[in-house]
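Load the model in your viewer and keep the sequence panel open beside it. The stops below are given in the order in which to select them.

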Amino acid sequence: MKIGVLSHIYVGNALIDMYGKCGSLNDAGKVFDKMSERDCVSWNSMVTACTANGRVFDALGFLEEMSREDNFTPNFVSWSALIGGFAQNGYDEEAIETLYKMRGLGLEPNARILASVLPACARLKKLNIGKELYGYITRHGFMSSPYIVNGLIDLYRRCGVMESAFKVFTKFSVRDEVSFNTMISGYCENGEIRKAKELFDMMEHEGKSRDLISWNSMISGYADNLMFDEALRLLVDLMNKGGTIEPDSFTLGSALSTCAETRFLRLGKGIHSYCIVKGLQSNLFVGGALVEMYCQCLDIEAAQKALNQVPKKDQVIWNTFVSGYASCNQMESIQSILQTMKNDGFEPDVYTWNGIIAGYVEKGYNELALQLFSDMQASNLRPDIYTVGIVLPACSRLVTIERGKQVHAYAVRCGFESDLYIRAAVVDMYGKCGLMKYAKTVHNRTEYYNLVMQNAMLTALAMHGYGEDGIALFREMLIDGFKPDNVTFLAVLSSCVHAGSVETGQEFFGLMGSYDVVPTLKHYTCMVDLLSRTGQLKQAHEMVEEMPMRPDSVIWGALLGGCITHGDVELGELAARKLIELEPNNSSNYVMLANLYASTGKWVELRKVRQQMKDEELHKSPGCSWIEDKEETHVFMAWDRSHKRAKEIYDILDNLTAEMRFEHV
């Protein structure tokens with residue numbers, strides 16, 4: 001400036017470029033403003049400097065001012081810099097829009113511009129635009145660019161169209177580490193783990209270097225798809241490679257999450273030791289995974305130590321720890337932990353309270369969970385959709401109709417009822433509370449169903465004996481293309497039991513294999529119950545003897561119930577012996593055997609059973625009922641005087657009894 005060379009356009013442009021690349025955008029702007037004469041390169045240099053420093057909308061301003069101030073038309077370089085800047089800084093919509101503007105002015109993009117726009121389409125999952133670009137790329141011969149090819153593979157991966165991704169990979173890809181890793185990630189994300197593993201193994205066969213991204217993709221893919229044993233085996237393989245590739249924080253975090261899901265505490269401790277050796281225990285991501293693993297394995301002291309090893313904590317790790325305390329039944333310590341959290345500078349948020357409520361529900365403290373939900377509504381914290389999803393099952397388990405309605409009303413006010421999973425939970429709640437009218441209303445108001453919603457309705461119908469309705473709904477589901485799971489089949493078999501439809505039940509039971517559903521003990525119990533109720537006791541017994549798992553007391557009880565109904569003493573005695581072997585202290589088993597003898601007139605055997613119950617001091621469990629009044633549940637048992645208003649209740653009962661006797665006389 002002192003010697004006056006700034007008047008030379010070439011020098012000024014070079015200074016703008018230098019300042020832009022060095023991150024000094026203000027100095028680049030000062031040089032630009034002081035230039036007595038500017039050309040198109042000067043303007044393009046400012047556009048490039050702005051995009052390089054993340055000031056993409058300032059770059060857009062310079063591009064628009066070019067023609068207004070100095071009468072220059074933005075050229076290919078101007079548009080290329082702006083599109084690249086938008087894409088690199090996460091302004092994906094703007095990058096695509098600017099590309100279309102560029103083409104509208106008659107300027108055609110090159111491979112570099114398209115390679116920058118394809119990731120924007122991928123992140124936005126704009127498959128149609130991506131296909132349009134693919135056609136342009138093919139017509140203009142850009143498929144030789146590995147950046148273009150990998151961009152297309154990534155686009156199809158993110159959009160879940162792995163068949164198209166594989167076609168591009170096999171036909172155009174140079175099959176480098178990037179393209180392999182992209183395909184492996186895509187298959188893992190879309191649940192096609194077998195194909196991901198095939199490519200992972202193929203990399204080694206083709207001499208490609210399986211880097212840490214490859215290993216991490218496979219380990220996390222196994223974990224995300226609930227294939228925990230495979231994830232841990234692959235981690236062990238990686239750790240045995242002898243230091244050529246070492247697990248990083250992401251690898252260890254995925255592995256620890258797998259240990260948490262499988263409650264594999266011993267291996268989790270081994271990974272913790274490895275983290276300490278490598279100095280990764282203080283890493284926030286690893287530390288959070290350690291806290292979660294120990295909490296899931298109910299080792300709260302170890303979770304506390306893992307938390308203390310992380311010097312810079314965040315809200316997430318504190319929420320994980322608080323949730324762990326609730327899940328570990330440490331209710332009395334939660335307030336102290338919350339205070340420690342506050343002292344560390346973090347206020348409990350809705351996720352904190354969700355974790356506590358979930359812990360309460362998991363441990364059966366449903367009343368406390370609902371109270372906390374009410375407290376949240378009274379505070380400045382608004383329960384979110386996850387809170388509602390957690391407390392609805394608590395209402396179901398307590399069979400609390402009024403509070404269930406209140407939670408439902410809250411979901412409606414907040415717009416959560418449109419979520420199919422919330423709606424399914426509402427149907428389930430009404431079904432378990434006995435309000436089938438409301439359950440059917442919510443179900444029928446649903447425009448689009450998923451399997452969870454249909455299963456909830458099917459289970460409610462089966463629970464309340466609407467057998468024919470359940471069977472009809474199941475057939476509708478098959479027509480609509482639903483793939484039934486084990487819950488679906490359990491509910492529809494239960495419907496067949498209530499409807500007494502043996503042939504239909506056998507048809508559906510045989511259908512399970514067609515949908516890759518393996519019958520469990522509960523499915524066999526439904527079939528045995530169905531056959532027993534309809535008098536086909538021989539077939540029921542054969543099924544019990546031939547099924548691939550050991551029969552439990554429930555299935556023997558179903559067979560014995562059928563024997564009582566149809567008077568088969570010999571088979572009933574066999575079922576009763578099996579029941580008493582499994583549950584020798586359960587008085588109900590002796591009562592059922594006594595009922596069998598009573599129904600067939602075997603009074604001597606009946607007296608023997610009653611004498612045995614007396615000798616072993618076995619008493620029939622009293623009946624239980626409850627009513628809900630003003631958000632309070634009152635439980636009553638036969639001859640129970642524990643209720644706080646027992647005297648008042650029995651006085652009224654005596655008066656009613658006396659009145660009934662008087663009227664009868």
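In which helix is Glu367 found? Select helix H22, residues 366-378, and Glu367 is there. Helices (H or I, at least four residues) and strands (E, at least two) are DSSP runs, numbered from the N terminus.

Before going further, note that this is a predicted model, in which local features need pLDDT of at least 70, side-chain atom pairs count only at pLDDT 80 or more, and totals for chains, interfaces and linings use all residues. Residues are numbered from 1 along each chain as its sequence is written, and side-chain values use heavy atoms, with hydrogens and water left out.

**Stop 1: Glu367**

Stay on Glu367 and show its surface. Glu367 is partly exposed, at a relative accessible area of 39%. Buried means under 20% relative accessible area, exposed over 50%, and partly exposed in between (1.4 Å probe, protein chains only). Next, show the residues around Glu367: apart from neighbours within four places in sequence, Glu367 is in contact with Leu398 and Arg403. Contact means heavy atoms within 4.5 Å. Then select Val391, which is 24 residues from Glu367 along the chain; their C-alpha atoms are separated by 9.9 Å.

**Stop 2: the whole chain**

Zoom out. The protein has 37 helices and two strands. Its C-alpha atoms fill a box of roughly 125 × 55 × 55 Å along the principal axes. The radius of gyration is 35 Å, whereas a compact globule of 665 residues would have one near 26 Å. That radius is taken over C-alpha atoms, and the globule rule is 2.2 Å times the number of residues to the power 0.38. Colour by accessibility: buried residues make up 45% of the 665 residues. Of the contacts between residues at least 6 apart in sequence, 59% join residues at least 24 apart.

**Stop 3: H3 and H5**

Select residues 40-52 (H3) and 76-88 (H5), whose axes come within 9 Å and cross at roughly 10 degrees. Axes are lines fitted to C-alpha atoms, for helices over the stretch in contact, and angles run from 0 to 180 degrees between N-to-C directions. H3 and H5 are therefore roughly parallel to each other. Angles under 35 degrees count as roughly parallel, over 145 as roughly antiparallel, 65 to 115 as roughly perpendicular and the rest as oblique. Show side chains: Asn44, Val47, Thr48 and Thr51 of H3 meet Val77, Ser78, Ala81, Leu82 and Gly85 of H5. By class, this contact has four nonpolar, five polar and no charged residues. Ala, Val, Leu, Ile, Met, Phe, Trp, Tyr, Cys and Pro count as nonpolar, Asp, Glu, Lys and Arg as charged, and the others, Gly among them, as polar.

**Stop 4: two loops**

Select Lys125, in the loop between helix H7 (111-124) and helix H8 (127-139). Its phi is near 55 degrees, a positive value in a residue other than glycine. Lys125 is exposed, with a relative accessible area of 56%.

Move to Leu298, in the loop between helix H17 (284-296) and helix H18 (300-308). Here phi is near 65 degrees, again positive in a residue other than glycine. Leu298 is exposed at 53% relative accessible area.

**Stop 5: H35 and H36**

Finish with residues 587-599 (H35) and 603-615 (H36), whose axes come within 8 Å and cross at roughly 165 degrees. That makes H35 roughly antiparallel to H36. Among the residues in contact are Tyr590 and Tyr597 of H35 and Trp603 and Met613 of H36. The residues of this contact divide into ten nonpolar, two polar and one charged.
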